[in-house]
Amino acid sequence: MSASPRQPSVLPGFNLTLGLAVGYLSLIVLIPLAMAFLKAFQLSAEEFWAIVLAPRVLASYRLTFGTAFLAAAINTAFGLIVAWVLVRYRFPGKRLVDALVDLPFALPTAVAGITLTTLYSSNGWIGQFLKPLGIKVAFTPSGIVVALVFISLPFVVRTVQPVLEDLEAEVEEAAASLGAGRWQIFRRIIFPAIRPALLTGFTLAFARAIGEYGSVIFIAGNLPMVSEITPLLIVGKLEQYDYRGAAAVSVVMLAISFILLLCINLLQRWGRLRQV
Amino acid sequence: MTAPSRPAPAATVTEPPWVRGLLLAVALLFLLLFLVVPLAAVFYEAFRKGAGVYLAAITDPYALEAIRLTLFAAACAVPLNMLFGVVAAWAIAKFEFRGKSVLVTLIDLPFAVSPVIAGLLFVLLFGAQGWFGPWLKAQDIKVIFAVPGIVLATVFVTVPFVARELIPLMQAQGSEQEEAALVLGAGGWVTFWRITLPNIKWGLLYGVVLCTARALGEFGAVSVVSGHVRGLTNTLPLHVEILYNEYQFAAAFACASLLTLFALVILAIKTLIERRTARQRRPSSGETA
Amino acid sequence: MSIEIQGLHKRFGAFAALDDINLTIPAGQLVALLGPSGCGKTTLLRIIAGLETADRGNIFFDGEETSGRHVRDRQVGFVFQHYALFQHMTVFENIAFGLRVRPRASRPPEPRLRAKVEELLSLIQLESLAGRYPSQLSGGQRQRVALARALAVEPQVLLLDEPFGALDTKVRKELRRWLRRLHDELHVTSVFVTHDQEEALEVADQIVVMNCGRVEQIGTPEQVYDAPATPFVYQFLGHINLFHGRAHSGWVRLGGLRLRAPEYQDARHVPALAYVRPHDIDLLREPEDRDSTLTATVSRVSILGSLVRLELLQTPGGEIAEVEMTRERYAADPLKAGDLVFVKPRQLRVFLQQDAESTSPVHWGGHGDGI
């Protein structure tokens, strides 16, 4: 990376800090990532495509992206409501609830995994009520969705909340004085303002959910073709010492993750433009 | 964070009571189902077989060894990434240079990488068939399925936390105070310690707390590089997995409850910092008054 | 300490922030850098301080070149526009900072340091607030703390960036008088940046009017106000009326008005602009001599305290001019809206249009395009 100061500054330490930061980042993150790509490209093109498009792998993509999308969508809807309630309404215990929203960030995913599995198994606290209805959650793809909803729950709430807080009450009052109803105000004034944040939150939740491993492996059942997520498939390949296969599937996942990261950056830039 | 200073919206511009009630009920029910019930379940399951089983599970030598390794990995990863965060934030927030936005994006990269892939990266580098595998084997150094691999994986997944907190904070603060210190004759080092650091201390602490939480709880990346050797390369989250897979549910939840308690402490510290910085921000918001 | 600036250039990308600045600031003077925002005045101040480096040119402090000297060693005091007080330090510690960070050898012992800070606190009349934090102070108090902090290191030069910009009008007026008195006591060479002409006219010994990275005029407040060197200075300082006309063979014709302009002896039908201050106009009921007056109608009369402002409509084009007179003069002959008057400029300055257009058309206050 060519990083040269555009403008000299009187503050000291530019070369030192930039050098250290770039060096550390290269050593810990960039070089290992580059090595993974190199490993995958040791395969011929046919071998590569044969691995990453094998039926079992394709099934795992479908499951991983499908459940992650569903979980992110659920969190977008409920996250908006939670953020709305936390910003707009007063109720007892609000600060506690507000603090608790971050629990999935702080709780190790393995703990979430075994707890949700226990809760949703057929004799668990929640599973026992679902069983008579013929709904099976643990050890099925719907269990994966439950785990992913848990681990990606804070994203939408935490991206939408500050934007809602910064919305000026006067704009809504102005709309009301012009004769708009509450629903019209939400649809035409509030929603456009929070849309970038909502999309950012959705993308963050989605990106987090597709990479998730710890909480999912306990609840998923891990049946190939049915409930085997892509990260688990990578671990399986590793355990069989199929390094190239694991690297190939990882490269596909990484490429998708990078695209999502790019989307998040663009969305945040869009959100900032909106605020000005 | 809430905005307690905002007056309650006038009745004309809020929803009808039944809508408010409905939204509140939906939000609370959702959070109850997904946050409170699991939280309660951890402790319920942990103590289901009685306090004796609980104590035995968390004082088991393997459990203690796992706790020690977990703390060790965090003690390596957190200071390293704290230093990185401060250094990177200084370069990014205080200077203009080409490629800055690329650097900021690269710092976020570990967040976008699945933990399993993070672990895989180090297996590909240092594993038996990895780039440096044969060389390491010749030197008789073990990285994968050993402690160094666990530390590396933990460092990787926690790289962004401190930097992400500090960059926007230092950008918002600007460089005027540092410039003022320099004009008054202070050197670069003195300026950093006496002016910059006091201004960013809460953001730094916040980042460190989040970084610690992730370092202690990391599962996927560590799982891939660990090899799950009890008493040697088992962290506490991995220990929970082993116990659970051996159907020792009470013991698994006992260890899980320790991690949960720690998560709650993290949340409490985090909330305190948020309140503190919110209070600090209020009086100074009247800059132009 | 005197400051001499020679051939200073500074670019930000394609934008020329400073373009060949030459300037001498005599020791002990209080000088204002005055200009619209973006004219380069803050950049010039920061370069003098050593916070930025010039692309070309030299700055001498008492004849000594400064470019090699780091901002730490320049012995300048700098007051930032938003004060840049250290938020986590008390007022006392803010003021003491510059003394505390000195190398051990030149650092004053604690009792001397305390005495010095207390002396400064009494100078800014904030003795009782020494233990407060910046966030607990009003804007004017913060401003004074910033000044005391800068003075604590006994600077040879005091530089102030829009020192009163963030304050409301009343506090601003108080503080600038206080700054003037302070300067008269301390006599430290001071340069302050402002975009407020009133502030510059009231406080400064010398005013440097800047525009688009260049110096337009240097002079005392009287000089820049009474004898503006360029059309820009005319427009920027005070209100003006603008009349369009033509210069030809030493004469300038502005509609019905014909004036001698010997300096434009060689001009041949060149478009010209004439600038007249609203208080340099006489209004007559009867036409004097045909070549020295313009005809107009009074369209509006406003009483502004001790002044009366009349808006005039000039019949052919319908443009508006402004005239100001004292209450007494108005009382002698109270004109009303609709009255026909004859306009006689007492003092008027003509610039050829090509000169006038090379400066940016910043209009401050009213101007009338005549005839």
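**Reading a predicted three-chain model**

Me: I see that the side chains of B:R214 and B:E218 meet in a salt bridge, 2.9 Å from N to O. What makes a salt bridge?

Reply: Side chains of opposite charge can pair when their charged atoms come close. The rule used here asks for a side-chain nitrogen of Lys or Arg within 4 Å of a carboxyl oxygen of Asp or Glu. Over all chains, the count by this rule is 40 salt bridges. Before going on, please note that this is a predicted model, where local features need pLDDT of at least 70, side-chain atom pairs count only at pLDDT 80 or more, and totals for chains, interfaces and linings use all residues. Residues are numbered from 1 along each chain as its sequence is written, chains are lettered from A and ligands numbered from 1 in the order in which they are written, and side-chain values use heavy atoms, leaving out hydrogens and water.

Me: Are B:R214 and B:E218 buried or exposed?

Reply: Both of them are buried. Here buried means under 20% relative accessible area, exposed means over 50%, and partly exposed lies in between (1.4 Å probe, protein chains only).

Me: Which parts of the structure does the salt bridge of C:R46 and B:E179 join?

Reply: Those two side chains meet at 2.7 Å, N to O. This pair crosses between chains, from helix α1 (residues 41–49) of chain C, which holds C:R46, to helix α9 (residues 176–183) of chain B, which holds B:E179. Helices (H or I, at least four residues) and strands (E, at least two) are DSSP runs, numbered from the N terminus. Both C:R46 and B:E179 are buried.

Me: In what order do the five strands of the open sheet in chain C lie?

Reply: Two strands pair if DSSP finds at least two bridges between them. In this sheet the order is β15-β19-β16-β17-β18, with antiparallel pairing. β15 (281–284) and β18 (320–326) are the edge strands, each pairing on one side only. From one strand to the next, the twist averages 45°; the axes are lines fitted to C-alpha atoms, for helices over the stretch in contact, and angles run from 0 to 180 degrees between N-to-C directions.

Me: How many bridges join β17 and β18 of chain C?

Reply: Strand β17 (residues 307–313) pairs with β18 over seven bridges, in the antiparallel sense. Across that pairing, C:V308 stands opposite C:M325. Five of the seven residues of β18(C) are buried, so this strand is largely enclosed by the rest of the structure. Within the sheet, β16 (residues 294–304) and β19 (residues 340–345) of chain C also pair in the antiparallel sense, over four bridges, and C:A296 stands opposite C:V341 there.

Me: How can I check the length of helix α7 in chain B?

Reply: The expected span is 1.5 Å times one less than the number of residues. For the twelve residues of α7 (residues 147–158) that should be 16 Å, and the end C-alpha atoms are 17 Å apart, which agrees. Nine of the twelve residues are buried, so α7(B) is largely enclosed by the rest of the structure; among them are B:I150, B:V155 and B:F156.

Me: Which residues does B:T196 touch?

Reply: Contact means heavy atoms within 4.5 Å. Not counting residues up to four places away in sequence, B:T196 touches B:W90, B:M170, B:E178 and B:T191. B:T196 sits in helix α10 (residues 188–217) of chain B and is buried, with a relative accessible area of 1%.
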